[in-house]
Amino acid sequence: MAGEFAGKVAVVTGASSGIGRATALAFAREGASVVVADRDEAGGQETVAMIRDVGSTAFHVTCDVSQDADVARMVDATVRTYGRLDCACNNAGIEGVQATTAEYPCEEWDRVLAVNLTGVWLCMKHEIPVMLAHGGGAIVNMASILGVVGFATAAAYTAAKHGVVGLTKVAAVEYATQGIRVNAVCPGFIATPLLDRAGITPGTDMYAMIANLHPIKRLGTPEEIAEAVLWLCSEKASFVTGDAMLVDGGYVAQ
């Protein structure tokens, strides 16, 4: 299949829906073979079927990114099946509960940090050696506007996403001369199942309020975030590493 990523192999975590699914499909449309990783096997298999429908190849790996053994198995399966790993979008994440800092439950803090921050580190821990062995690659970690600014009642999520931005910068500096570029994308509020689960759906007052937080006066789409990921992984971004790219409808510019 022709395309900008023809002959390349991409791993996308959290790819059963939302930004992850859109990113996996975008890689596939540009010719990449895609590894769809997610705890949700049914959703992951749906993404695989969608990729095959556009003429590319893919397989699903059930993976909890907070578990080292799961991440190691994901990367091993990638190399065993496709022989290499060129691009990775470490996207898997959870929202956590809403509570003020002093009232935030300890178990929720641990859960959110384990998936949203430790999970990104574990993915890079296993992805980078494979990329080094095959001449380099590009990694995009999914951060958030809450990796740049604060948001009341989202202590764990905000702390984790700030950590993702910092971790991205460290890895970018460490591997800049070894053919690996590492960047992050910081989306604003995106219309995904994550917001649906919080009751933030089109037509509700909360949806309208959140849309109005952005100067562009709407929420983003998963496809808009996927385009940023693909650009950062492409040769067009060959001089870009260590960046935390805002794709936020002007949210942070205010």
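## Before you start

This is a predicted model, in which local features need pLDDT of at least 70, side-chain atom pairs count only at pLDDT 80 or more, and totals for chains, interfaces and linings use all residues. Residues are numbered from 1 along each chain as its sequence is written, and side-chain values use heavy atoms, with hydrogens and water left out.

## Two nonpolar cores

Let's begin inside. A nonpolar core here is a set of buried Ala, Val, Leu, Ile, Met, Phe, Trp, Tyr and Cys residues joined through side-chain atoms within 4.5 Å. Buried means under 20% relative accessible area, exposed means over 50%, and partly exposed is in between (1.4 Å probe, protein chains only). The largest nonpolar core has 41 residues, and Met 74, Met 124 and Ile 139 have the most contacts inside it. At least two residues of this core come from each of β2 (33–38), β3 (58–62), α3 (68–82), α4 (106–133), α5 (155–175) and β6 (180–187). The most come from α4, which gives 10 residues. Those labels are DSSP runs numbered from the N terminus: helices are H or I with at least four residues, strands are E with at least two.

Contact means heavy atoms within 4.5 Å. In soluble globular proteins, nonpolar side chains tend to be buried together.

## How the helices pack

Two packed helices are described by the angle between their axes and the distance between the axes. Axes are lines fitted to C-alpha atoms, for helices over the stretch in contact, and angles run from 0 to 180 degrees between N-to-C directions. Angles under 35 degrees count as roughly parallel, over 145 as roughly antiparallel, 65 to 115 as roughly perpendicular and the rest as oblique. A crossing is left-handed if the near helix is turned anticlockwise from the far one by less than a right angle, and right-handed if clockwise. For the residues involved, Ala, Val, Leu, Ile, Met, Phe, Trp, Tyr, Cys and Pro count as nonpolar, Asp, Glu, Lys and Arg as charged, and the others, Gly among them, as polar.

Start with α4 and α5, whose axes are 8 Å apart at an angle of about 15°, so these helices are roughly parallel to each other. Their crossing is right-handed. Trp 109, Trp 121 and Met 124 are among the α4 residues making the contact, with Tyr 157, Leu 167 and Tyr 175 among those of α5. By type, the contact residues divide into 18 nonpolar, two polar and one charged.

Helix α1 (residues 18–29) has two partners to look at. With helix α8 (residues 222–233), the angle is about 50° and the axes are 8 Å apart, so α1 and α8 are oblique to each other. This crossing is right-handed. Ala 22 and Phe 27 of α1 and Ala 226 and Cys 233 of α8 are among the residues making the contact, which divides into 10 nonpolar, two polar and one charged. With helix α2 (residues 41–53), the α1 axis comes within 10 Å and crosses at roughly 25°, so α1 and α2 are roughly parallel. The crossing of α1 and α2 is right-handed too. The contact of α1 with α2 divides into five nonpolar, two polar and two charged residues.

Val 140 lies in strand β5 and counts as buried, at 0% relative accessibility. Val 140 and Ala 184 are 44 residues apart in sequence but 5.1 Å apart in space, C-alpha to C-alpha.

His 214 sits in the loop between α7 and α8 and is buried, with a relative accessible area of 1%. Beyond its sequence neighbours within four places, His 214 is in contact with Gly 188, Phe 189, Asp 248, Gly 249 and Tyr 251. Gly 83 is 43 Å from His 214, C-alpha to C-alpha; Gly 83 is partly exposed, at 36%.

Lastly, Thr 153 has a positive phi of about 75° although it is not a glycine. Thr 153 lies in the loop between β5 (137–142) and α5.
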